[in-house]
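Look over the sequence and the structure before starting.

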Amino acid sequence: MADAHPSPGHLGQQALESYLWGAANLLRGLIDAGDYKQYVFPLLFFKRLSDVWDEDHRVALEETGDRWYARATANDRFIIPAGAHWSDIRRVSRDVGRTLRDAFRAVETANPERLVGVFGNAPWTDKAQMPDATLKNLIEHFSKHTLSLAAVPEDELGNAYEYLIKQFADDSGHTAQEFYTNRTLVHLMTQMLRPRPGERIYDPTAGTGGMLISALAEVQRTGGDARTLGLYGQEIIGTTTSIARMNLVLHGVEDFRIAIGNALSDPAFIERDRLMTFDVVLANPPYSIKTWNRDAWLDDPWGRNILGTPSQGRADYAFFQHILKSLDPEAGRCAILFPHGVLFRQEEAAMRRGLIERDLVECVLGLGPNLFYNSPMEACVVVCRMRKPPERRGKVLFIDAVRQIARERAQSFLTPEHQQQILTAYDAFGDEPGFAAVASNEDVLGNDGNLSISRYVRRSTDADADTQADGDLRQAWTDFDAGSAAFWREMDDVVVMVERIAEESRSDE
């Protein structure tokens, strides 16, 4: 059990992370690791709201001595109704889950603009899964420290929250790709798009909000006023939506909208009977999902089928077109994390040709393995721009950064040096032997719109000095490229066939 009074002192980053992860460890062996987040995050958020409310109240009371004024001042940030404060819950010893649930509902109801649904829908009243004793242990653990702004500034708590998100992803890897995107890669994507103050940023598959927060951090890092940003996201999983909202609040974001729902079937952001448009879109769409409404896409009411209708087996280009339709026609730019198959699969060739003919693709960046969370596959980032600078029009930059990757303790990531090397090549927009190459749209269309990086960037080898060996290696690489593309197309077909057989087997049962 904790001391009677929490420590109000400043927590260092390591101590803060240890403190937060300690709450998860109290649940270890009691519930599935994948369920930690639906209990730990709401309690953390509730404790933070209560402590910040107390801090605002204390400062105002010390300045004026007026209790009514102090309460009104504390409620300026977030309203905490009577009986719904952390201290009220801490005094309860029976039916703790019901009392928590009622307090959460009261806080959400009192703050409908920003906190509706933010605490999620965990089964707090299920004593078989979460008995009073366990909840009391959690509450006392969180009561050890004060989470006021003075003790834990927004950037520090935000960083610790991101740490906790990653730890939960490590513990529940089977859902991690939906929950967590490699942060070093997100940082690189954000730097490539260079968000500016006053812009609207959007992520149609927002997860826990990491890409939106990266855009916010990039504006702050470059000296801009991040308070002028509008951050928008949509996420299909209710619990993850709640975590994203908490994440943004804990990072000090005020102007944001995180909607729950499927961006393909039910886009949340509409303006004047059209899809809202954004200056920047960052996204890591789910890979090749099959449970999407292709029939509706044939006559999409939002006009998103500008390139065509993808196959039922892969919705990648449905997300791609949703993003393109969501871009501002002048300033709009996007960076999308995809598996390499989107660059060359034959069934999507016509849509790729459409991208090139419209001169939308600015850069195709190939990355090394294991940057998709808990997956060994190599990732790529496709950068599009609605209106390219004059010197980049009619061209596509290809960057082969498959070797720019580090790995420590079973985690792959991009070092700052890797990120800078890629950014330098992106800014230069020129040829760099073995690493980057610029191809004209005509050249790409001559390859039937194939965007495979190896067709345009030849990896350098020690044999380059020998002309004959160079020619042999070039031919070998070309043969390998063609063969590997065919192999992956065939593997995709095998996966689709196996899944179809499995679905038919389930329906027969």
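Is D95 buried, partly exposed or exposed? D95 is partly exposed, because its relative accessible area is 28% (buried means under 20% relative accessible area, exposed over 50%, partly exposed in between, with a 1.4 Å probe and protein chains only).

This is a predicted model, in which local features need pLDDT of at least 70, side-chain atom pairs count only at pLDDT 80 or more, and totals for chains, interfaces and linings use all residues. Residues are numbered from 1 along each chain as its sequence is written, and side-chain values use heavy atoms, with hydrogens and water left out.

**Exercise 1. Salt bridges**

Task: Find the salt-bridge partner of D95 and the network around the pair.

Step 1. Apply the criterion: a side-chain nitrogen of Lys or Arg within 4 Å of a carboxyl oxygen of Asp or Glu. Over the whole structure it gives 24 salt bridges.

Step 2. D95 pairs with R98, and their closest N and O atoms are 3.7 Å apart. R98 is partly exposed, at 39% relative accessibility.

Step 3. A network of salt bridges links D95, R98, R101, D102, K127 and D132.

Task: Compare the placement of the pairs E218–R221 and R387–E330.

Step 1. Between E218 and R221 the closest N and O atoms are 2.7 Å apart. The two residues are about one helical turn apart, because they are 3 residues apart in helix 11 (residues 210-221). Helices here are DSSP runs of H or I with at least four residues, strands are runs of E with at least two, and both are numbered from the N terminus.

Step 2. E218 is buried at 5% relative accessibility, whereas R221 is exposed at 54%.

Step 3. R387 and E330 form a salt bridge with an N to O distance of 2.9 Å. R387 is in the loop between strand 9 (378-385) and strand 10 (395-401), and E330 is in the loop between helix 14 (316-325) and strand 7 (333-339), so this pair ties together parts that are 57 residues apart in sequence.

Step 4. R387 has a relative accessible area of 46% and is partly exposed. E330 is also partly exposed, at 48%.

**Exercise 2. Cavities**

Task: Count the cavities of 30 Å³ or more and describe their linings.

Step 1. Set the rule. On a 1 Å grid over the protein atoms alone, a cavity is a set of points where a 1.4 Å probe fits but cannot get out, and lining residues have an atom within 4 Å of a point. Grid points are joined across faces, edges and corners, and a volume is the space filled by probe spheres set on the points.

Step 2. The count is 2 cavities of 30 Å³ or more.

Step 3. The lining of the largest cavity includes K37, F41, F119, N121, I243 and M246. Helix 2 (36-64) and helix 12 (238-250) each supply at least two of its residues. Its classes are 6 nonpolar, 5 polar and 1 charged (nonpolar: Ala, Val, Leu, Ile, Met, Phe, Trp, Tyr, Cys and Pro; charged: Asp, Glu, Lys and Arg; polar: the others, Gly among them).

Step 4. Among the residues lining the second largest cavity are Y202, Q234, F269, F278 and H322. This lining has 7 nonpolar, 3 polar and no charged residues.

**Exercise 3. Nonpolar cores**

Task: Which residues of the largest nonpolar core touch the most other members?

Step 1. A core is a set of buried Ala, Val, Leu, Ile, Met, Phe, Trp, Tyr and Cys residues joined through side-chain atoms within 4.5 Å.

Step 2. The largest core has 98 residues, of which L100, L365 and I399 touch the most other members. Helix 2 gives the largest share of this core, 10 residues.

Step 3. Beyond its neighbours within four places in sequence, L100 contacts L43, F46, I89, W124, L135 and I139 (contact: heavy atoms within 4.5 Å).

Step 4. Another core, of 39 residues, lies apart from the largest one; F278, I336, I356 and A439 are among its members.

**Exercise 4. A buried proline**

Task: Where is P310 found, and what is it in contact with?

Step 1. P310 sits in the loop between helix 13 (294-298) and helix 14. P310 counts as buried because its relative accessibility is 0%.

Step 2. With neighbours within four places in sequence left aside, the contacts of P310 are W292, R294, W297, Y317, A318, Q321 and M351. One of these, M351, is among the buried residues of helix 15 (residues 349-357).

Conventions:
1 Å grid on protein atoms, 1.4 Å probe; cavity = no way out; pocket = protein on both sides within 12 Å on 5 of 7 lines; lining within 4 Å.
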